[in-house]
Amino acid sequence: MRIARLVLSLIALVSGVMMLPGAASAQDTGRRLDVIELKGVIDPTSADYLRGRIAAAERDEVEAAVIQMDTPGGLDVSMRGMIQRILASDVPVIVWVAPRGARAASAGTFITYAANLAYMAEATEIGAATPVNLGGGDVDETLARKVTNDAVAMITELARTRGRDVEFAEEAVRDAASIGATEALDRNVVNGIASSLSALLESMDGELVELGDGSRKTLETWDEAAGAPSVTVRFQQMNLLQRLLHAVTSPDIAYFLILIGTFGLIFELYNPGIGLAGILGGISLLLGFYALSVLPTNWVGAFLLILGVVFFLVDLQTAGLGIWTVGGVVALIAGGLLLFAGAAPEVQVNPWSIAGAVALTLVFFVSVMTAALRVRLRRPITGEEAMVGEIGEAKTDIAPEGTVVTKGTLWRARTMETGIAAGSKVKVMATEGLVLLVEPLHEDEEPSRSEPSANSHG
């Protein structure tokens with residue numbers, strides 16, 4: 001009965017939702033709108049995701065594709081791939097910088113300028129589109145000027161194509177200028193301010209946009225009579241694998257993955273056998289190096305991270321916290337600071353993450369690895385090594401090879417003496433694999449035995 005009541009409750013709930021005015025209106029028109037969430041660093045994963053979502057929107061012939069964006073920027077090549085797909089889209093593409101507190105910085109500014117329409121929520125910002133050195137470190141001034149001029153040419157052309165403010169587009173690149181939503185609207189950088197999805201759909205309703213094939217379309221996203229959306233909204237997000245690959249491109253996470261992966265492999269080397277630590281360490285390193293291949297990595301910083309771990313290993317072998325540990329701490333700090341040097345501040349390792357990584361490394365080597373090394377040094381002697389010093393009996397003549405019995409087991413034996421007769425007592429002096437090296441047991445080496453008492457009491 002409880003199950004039946006639960007089922008009936010669910011049916012009633014679903015029925016109630018389907019009878020809401022907005023849902024009924026959307027169902028009458030049969031039109032849909034996709035909201036594509038785009039957060040974090042612009043990287044190859046996010047570029048593939050966006051291209052795939054726009055392709056799906058075209059296939060399903062949706063009313064429009066809304067990119068809800070919050071990004072600090074990212075890779076130039078990924079950004080250009082996104083822009084090309086937006087410009088060629090057969091469905092309207094709208095960029096919405098949201099929610100409140102979000103930003104469209106660097107590559108996000110270019111993507112916003114490329115969209116058919118652009119909106120921003122209150123308390124959001126756009127700009128700071130100065131190109132960064134994707135290779136890390138210093139760059140030639142002439143090359144930097146060429147890269148900047150190329151970026152200016154691109155964003156100003158996008159501004160002219162979409163009818164947006166050209167002056168701010170150039171300021172954002174040359175001077176790293178940023179503005180808030182209100183000023184962006186006043187300067188015609190965006191088409192409007194919308195802090196909620198309903199406000200966005202109402203604002204974009206009736207707008208005329210030009211599609212990638214040259215045709216024009218008037219958006220119909222709001223039912224004035226019903227005061228509700230006239231489209232069914234579908235929220236699109238990355239799948240599990242895309243989320244994982246996108247998450248590891250965070251500078252802080254990439255930094256920790258490299259260290260954790262190295263720790264796992266080191267622990268596995270000190271405890272032979274493919275175990276959980278080795279598997280997790282290998283996976284962490286693969287994900288970490290993927291992130292480094294995507295982010296603007298300074299490989300000198302990556303080398304310093306590895307060098308720092310090597311210094312800790314040297315001190316581990318010398319059993320103490322000495323000069324090598326100090327060198328390891330310095331290398332870890334310098335490596336973290338240099339790892340993404342030359343990139344925007346948003347794409348650099350947080351100093352608190354560096355401090356946490358140094359503390360984690362100290363704990364790992366001082367406690368975990370020290371304990372692992374002690375266990376390894378105290379490993380119990382088993383097998384052939386445990387036979388040294390044991391007393392046995394020759395089962396055959398040993399001249400120079402034969403067989404002996406010791407601890408109830410028959411062994412091959414060899415002696416350096418002239419020969420040992422069968423039945424003689426022998427002492428194991430050493431081992432060579434599964435062969436015991438023996439000598440005759442002398443009388444003074446006989447183990448003491450308790451003699452039976454002469455007086456017995458019955």
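Predicted model: local features only at pLDDT ≥ 70, side-chain atom pairs only at ≥ 80, totals over all residues.
View 1. The lining comprises 14 residues, of which Asn116, Thr161, Arg162, Gly163 and Leu208 lie closest to the centre of the pocket. Two elements, helix 6 and strand 9 (208–210), each supply two or more of the lining residues. Sorted by class, the residues of this lining are four nonpolar, five polar and five charged.

**View 2. The largest nonpolar core, shown around Phe110.** This core holds 49 residues, and Phe110 and Ile111 are the members that touch the most others in it. Helix 6 (residues 141–162) provides six residues, the largest share of the core. Apart from its neighbours within four places in sequence, Phe110 is in contact with Met79, Ile83 and Ala129, with Ala151, Met154, Ile155 and Leu158, and with Val173.

**View 3. The crossing of helix 3 and helix 10.** The axes of helix 3 (residues 44–60) and helix 10 (residues 240–247) come within 8 Å of each other, and they cross at roughly 145°. On the helix 3 side the contact is made by Thr45, Ser46 and Tyr49, which meet Gln242, Leu245 and His246 of helix 10. Two of the residues in this contact are nonpolar and four are polar, whereas none is charged.

Definitions and conventions. Residues numbered from 1 in each chain as written. Heavy atoms only, no water. Core = buried A, V, L, I, M, F, W, Y, C linked by side-chain atoms within 4.5 Å. Buried < 20%, exposed > 50% of the residue type's maximum accessible area, 1.4 Å probe, protein only. Helix = DSSP H or I, 4+ residues; strand = E, 2+ residues; numbered from the N terminus. Contact = heavy atoms within 4.5 Å. 1 Å grid on protein atoms, 1.4 Å probe; cavity = no way out; pocket = protein on both sides within 12 Å on 5 of 7 lines; lining within 4 Å. Nonpolar A, V, L, I, M, F, W, Y, C, P; charged D, E, K, R; others polar. Axes fitted to C-alpha atoms, helices over the stretch in contact; angles between N-to-C directions.
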